[in-house]
Amino acid sequence: MKKTLLVCLMAAALVCVFALPSLYAVDAPGDMVLKAPAGIDSKKAPVAFSHKGHAAIECTKCHHTWDGKSEVKKCDSEKCHVKPGKKDKTSFYNAFHKTDRSCMGCHKAMKKAGSKTGPTSCTKCHPKK
């Protein structure tokens, strides 16, 4: 009886460890185009972005205000990164180019560490208009 109970408890523990997290996993959207919010004049073309290509990265690395339960909000919603220009730390430009959490910040850090990374120059992300 004790052996059967122990086997059942171990099986239940394995289910909890491996199966339950997948029930709560977030399905990332497909590929998308990142563009400046309404009211911000961008001199560069929008950027094609692949969520699948970034699937190994923890969601909260980029979506820094996400609690892991609610719907993920876009960067230009809730007045998060809607400021124009480069002076404000939370501006739309800086959110993608100048912070540790930004695309460029992450790619440059990976390049510096000698890891394979994505683009680190303007023309590699922004196609000509």
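Buried means under 20% relative accessible area, exposed means over 50%, and partly exposed covers the range in between, with a 1.4 Å probe and protein chains only. The legends below describe a predicted model in which local features need pLDDT of at least 70 and side-chain atom pairs count only at pLDDT 80 or more, whereas totals for chains, interfaces and linings use all residues. Residues are numbered from 1 along each chain as its sequence is written, and side-chain values use heavy atoms, with hydrogens and water left out.

**View 1. Overall arrangement of the protein.** The protein contains 6 helices and 2 strands, where helices (H or I, at least four residues) and strands (E, at least two) are DSSP runs numbered from the N terminus. Read along the sequence, these elements follow the pattern α-α-β-β-α-α-α-α. Of the 129 residues, 14% count as buried. Among contacts (heavy atoms within 4.5 Å) with a separation of 6 or more, 32% are between residues 24 or more positions apart. The protein exposes about 10600 Å², of which carbon and sulfur atoms supply 62%; the accessible areas come from the Shrake-Rupley method with a 1.4 Å probe, and for residues only the protein chains shown count as cover.

View 2. When neighbours within four places in sequence are left aside, His-126 is in contact with Lys-44, Ala-45, Val-47 and His-97.

**View 3. His-81 in the loop between α3 and α4.** His-81 lies in the loop that runs between α3 (59-62) and α4 (92-97), and with a relative accessible area of 9% this residue is buried. The side chain of His-81 reaches the backbone oxygen of Thr-90 at 2.9 Å. Apart from neighbours within four places in sequence, the residues in contact with His-81 are Pro-37, His-64, Cys-75, Asp-76, Thr-90, Ser-91, Phe-92 and Ala-95.

**View 4. Trp-66 in the loop between α3 and α4.** Trp-66 has its place in the loop between α3 and α4, and its relative accessible area of 14% makes it buried. The side chain of Trp-66 reaches the backbone oxygen of Ser-70 at 2.5 Å.

**View 5. The salt bridge of Asp-88 and Lys-83.** The structure holds 1 salt bridge, a term that requires a side-chain nitrogen of Lys or Arg within 4 Å of a carboxyl oxygen of Asp or Glu. In this salt bridge the side chains of Asp-88 and Lys-83 meet at 3.2 Å, N to O. Asp-88 counts as partly exposed at 28% relative accessibility, and Lys-83 is likewise partly exposed, with a relative accessible area of 41%.

View 6. The structure holds 1 aromatic pair. The rings of Phe-92 and Phe-96 have centres 4.9 Å apart and planes at 55°, so this pair is tilted; rings of Phe, Tyr and Trp (its six-membered ring) pair if their centres lie within 6.5 Å, and planes under 30 degrees apart count as stacked, over 60 as edge-to-face and the rest as tilted. Both Phe-92 and Phe-96 lie in helix α4, 4 residues apart, which is about one turn of the helix. Phe-92 is buried, with a relative accessible area of 14%, and Phe-96 is buried, with a relative accessible area of 15%.

**View 7. Lys-86 over the ring of Tyr-93.** The charged end of Lys-86 sits over the ring of Tyr-93, 4.6 Å from the ring centre, where a charge sits over a ring if NZ of Lys or CZ of Arg is within 6 Å of the ring centre and within 35 degrees of the ring normal.

**View 8. Gly-85 in the loop between α3 and α4.** Gly-85 is found in the loop between α3 and α4, and it is partly exposed, with a relative accessible area of 41%. Not counting residues up to four places away in sequence, Gly-85 touches Ser-91 and Tyr-93. The C-alpha atoms of Gly-85 and Ile-40 are separated by 8.4 Å, although these residues are 45 residues apart along the chain.

Terms used. A polar contact is a pair of N or O atoms within 3.5 Å; within protein, one must be able to donate a hydrogen and the other to accept it, and residues adjacent in sequence count only if both atoms are side-chain atoms.
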